Amino acid sequence: MIDIHTHILPEVDDGSKNLETSLAELEMMEKAGTTDVIATPHFFQDDNHCNLELVKQSYNSLVTNAKKRKINLNIHLAAEVYLNDEIKKNTTNIPFISGTSYTLVESSMQGFPRGFYDLAYLLLRNGRRLILAHPERYVAVIRNPDIVEDFIHKDILLQINAGSLLGVYGNSIKNTAWKLLKKGFAHFMASDTHCNGHEYYLGHARELVAKEISREYSELLTFTNPQLMLNNNRIDFINNLPEQREISVIQKVISYLRT
């Protein structure tokens, strides 16, 4: 598995509180079958929440100590970028995902800002490929999950949280996450771990998606698309795998009835 959304870096945001916590989380990830981890600390475009030098120091320390601990994981550096009007001040310093043109973004859970699409387009026209983190947690999406189809048609990819599928954030978010998956409105699944000592959910959620939808779709979300992203390849914006599975089942029924 490739986990594209984590708060694994120690002492830089509301994620890991110290180096030992981060190393313990990495060990848990490796045990679950994760091969690559992307560190995505929160990034706000203002002077109080934009210490990129501290982030780099934390990243280098984690990589060095993970090697000493013999943790066999590839750790990549990126950020979870908060989209608001502050972004307009400077788009050149916004972190990409580890040598690619992809950027992980988020917004206010209570409501997308006025001009959200304009902010997204500002980044898209500069050659960035956007991934919206945990759409199932936004109030507007919970009320109407179908609005994410508009995001997809505007070239914004979607990343579901593994914990959402397991009910970690409550039933409304859980139901929304499953609705998005079953409609094919997701391109990635990630842990969004904050290293708070709880279970590492990605492996469990991956198996659940394989059972409830298809093994192919679970692989697409946790390996195929993340690997395409790390290789800086383009990802199909429209996933029809759930629908294809339904067609396959119908074809099998027809075939059975004909025998």
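Reader: What volume does the second largest pocket have?

Author: Rolling a probe the size of a water molecule over the atoms shows where empty space is left. Here the second largest pocket comes to about 190 Å³. A pocket is an open set of points on a 1 Å grid over the protein atoms alone, where a 1.4 Å probe fits, with protein on both sides within 12 Å along at least five of seven lines; lining residues have an atom within 4 Å of a point. The volume is the space filled by probe spheres set on the points, joined across faces, edges and corners. Mind that this is a predicted model: local features need pLDDT of at least 70, side-chain atom pairs count only at pLDDT 80 or more, and totals for chains, interfaces and linings use all residues. Residues are numbered from 1 along each chain as its sequence is written, and side-chain values use heavy atoms, with hydrogens and water left out.

Reader: Which residues line the second largest pocket?

Author: Among them are E25, Y169, D192, H194 and E199.

Reader: How many salt bridges does the structure hold?

Author: Side chains of opposite charge can pair when their charged atoms come close. This structure holds nine salt bridges (a side-chain nitrogen of Lys or Arg within 4 Å of a carboxyl oxygen of Asp or Glu). D192 from the pocket lining pairs with R137 at 3.6 Å, N to O.

Reader: Is D192 buried or exposed?

Author: Buried, at 5% relative accessibility, while R137 is partly exposed at 22% (buried is under 20%, exposed over 50%, partly exposed in between, with a 1.4 Å probe and protein chains only).

Reader: Which residues form a network of salt bridges?

Author: E20, E27 and R69 are linked that way.
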